[in-house]
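Please keep the sequence and the 3D view at hand.

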Amino acid sequence: MSLRTTRAWRGFAACTALVLAGSALAGCSADGRETVRFTFSKREAIEFMTAVVDEYNAAQDDVRVEIDTSGVDVVSASFVRGNPPDLMLANYNYEIARFVQRCALTDLSGTDAAAAVRDDLQPLMDQYGTCEGRVSALPYSVMAASVIYNKEIFDELGLEVPQTWSELIEVCEQLEAAGVTPFYATFKDDWTVGQGWYDYSVGGSLDVLSFFDELAAEGVDVGPDSAVSFEEDFAEPTDRMVELSSTYVNDDAPSRGYGDGNLAFANGEAGMYLQGPWAFGEIAKTAPDLELGTFPLPMTEDPGDLAVRVNMDLAAMIPEGSRHQEAARDFLEFLYLPENIEAYNTSQLGFAPTTDAAPPDDPRIAGMIPYYDSGAVYQGPSVLVPRTMPIFNYSQAIVLGADADATLRTMDADWARIAFRAPVTNDETKESSR
């Protein structure tokens with residue numbers, strides 16, 4: 001008898017026993033198959049993932065996967081109630097990683113899926129904390145973001161993609177001289193400032209991974225006398241962000257939002273745009289044939305410092321509280337089959353985290369491939385702090401004229417206060433309590 005057949009028989013027997021006992025038919029489908037509740041948080045990809053679930057359900061008779069798209073808040077509440085989902089595929093951030101920090105997720109290190117994931121991505125996963133001895137989450141989709149530029153404008157003006165800060169300023173000056181706005185900015189929406197201007201400026205200037213590791217070690221001692229601090233280490237990149245955002249953007253930037261930026265950039269109103277690949281689809285609605293490309297924002301005079309911003313757009317996790325862990329692992333392995341994980345990432349303009357995945361073939365993101373392949377990546381500093389630290393608001397205030405030094409000092413004070421309030425148990429290191 002096969003593993004799946006054995007599991008199906010046990011599931012059917014368990015369901016039958018529950019019926020005879022007059023209990024609720026929890027965890028069983030109408031045909032006796034074991035039911036796996038699968039939460040998926042990326043709304044724009046629900047149609048794609050639903051098709052994957054349907055294919056899995058049709059391919060075997062032992063397990064039935066039910067997709068749940070209710071969102072992270074509902075998932076968090078289910079952990080509190082002791083009824084978490086059986087498998088999670090969710091954006092990997094501080095809200096999700098607290099489950100890792102509390103060792104509330106099972107160890108996935110023995111799966112084929114884990115064996116297929118690139119080793120150099122693990123430090124980025126660990127930035128949110130760890131549970132000692134476990135691989136609690138596996139990356140499923142890596143989203144890379146950098147400067148989007150209008151290739152047609154660059155070619156018309158004979159501009160080369162800049163690789164240093166001085167080359168970037170020269171490109172801006174040449175665009176202005178030709179009557180073209182260098183950067184289209186959308187300061188009305190704070191997240192566009194945080195994800196783009198703030199993240200690219202900091203990530204292009206310093207080692208984000210090392211900085212946050214050292215910041216975590218400082219904990220409550222972060223401040224003017226600490227080894228690292230926002231005020232000290234972010235001062236130069238913030239100054240350069242202000243130089244760009246106050247000199248080389250559209251005059252109406254404070255009143256323009258994300259939708260305005262996509263439309264304006266599609267209409268050729270600027271040479272560059274600090275947005276991620278999610279903007280391509282919106283731009284294409286107006287200008288489907290517009291030739292676009294990407295490159296990392298240069299913030300130093302050393303091309304070796306160039307790197308692209310990434311985030312673990314989706315990570316797979318199986319909670320300890322799942323009553324169907326074996327079945328959930330079976331579906332996990334299905335998700336990580338090359339034909340599934342690579343097709344998903346192609347559909348979302350993401351990068352597959354597996355070692356043997358082919359690079360994306362979309363020319364719009366081709367400029368980021370060499371950096372991703374060589375590991376020249378960083379996670380955006382805006383996502384490496386808890387939600388209680390309003391980094392989007394702070395970065396928006398700076399580009400709108402707030403005192404940068406005072407804002408960075410406030411960020412230090414916020415970090416110290418959060419570190420003071422964070423619980424530290426015998427099972428948690430200082431980093432995991434971030």
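**Cavities, rings and contacts**

With three residues, β3 gives the most to the lining of the largest cavity. This is a predicted model, in which local features need pLDDT of at least 70 and side-chain atom pairs count only at pLDDT 80 or more, while totals for chains, interfaces and linings use all residues. Residues are numbered from 1 along each chain as its sequence is written, and side-chain values use heavy atoms, with hydrogens and water left out.

Rolling a probe the size of a water molecule over the atoms shows where empty space is left. Here a cavity is a set of points, on a 1 Å grid over the protein atoms alone, where a 1.4 Å probe fits but cannot get out; lining residues have an atom within 4 Å of a point. Grid points are joined across faces, edges and corners, and a volume is the space filled by probe spheres set on the points. Searching the whole structure turns up two cavities of 30 Å³ or more.

The largest cavity holds about 60 Å³ of space. Its lining has 10 residues, of which T39, S41, G71, V75 and A90 are the closest to the centre. At least two lining residues come from each of β1 (34-40), α3 (72-80) and β3 (87-90); helices (H or I, at least four residues) and strands (E, at least two) are DSSP runs, numbered from the N terminus. Sorted by class, this lining has six nonpolar, three polar and one charged residues, where Ala, Val, Leu, Ile, Met, Phe, Trp, Tyr, Cys and Pro count as nonpolar, Asp, Glu, Lys and Arg as charged, and the others, Gly among them, as polar.

What about the second largest cavity? Its volume is about 30 Å³, and the residues that line it include A145, S146, V147, Y200 and R309. Two or more lining residues come from each of β4 (138-150) and β8 (308-317), and β4 has the largest share, three residues. Eight nonpolar, one polar and one charged residues make up this lining.

Q195 counts as buried because its relative accessibility is 4%, and buried means under 20% relative accessible area with a 1.4 Å probe, protein chains only.

Now for the rings: how many aromatic pairs are there? The count comes to 25, with rings of Phe, Tyr and Trp (its six-membered ring) pairing if their centres lie within 6.5 Å; planes under 30 degrees apart count as stacked, over 60 as edge-to-face and the rest as tilted. F212 and F230 make an edge-to-face pair, 6.3 Å centre to centre with 70° between the planes. This pair links distant parts of the chain, as F212 is in helix α10 (residues 208-218) and F230 in helix α11 (residues 230-233), 18 residues apart. F212 is buried, at 0% relative accessible area, and F230 is buried at 1%. F265 and Y273 are stacked, at 5.2 Å centre to centre and 25° between the planes, and both are buried.

Conventions:
On a 1 Å grid over the protein atoms alone, a cavity is a set of points where a 1.4 Å probe fits but cannot get out, and a pocket is an open set with protein on both sides within 12 Å along at least five of seven lines; lining residues have an atom within 4 Å of a point. Buried means under 20% relative accessible area, exposed over 50%, partly exposed in between (1.4 Å probe, protein chains only).
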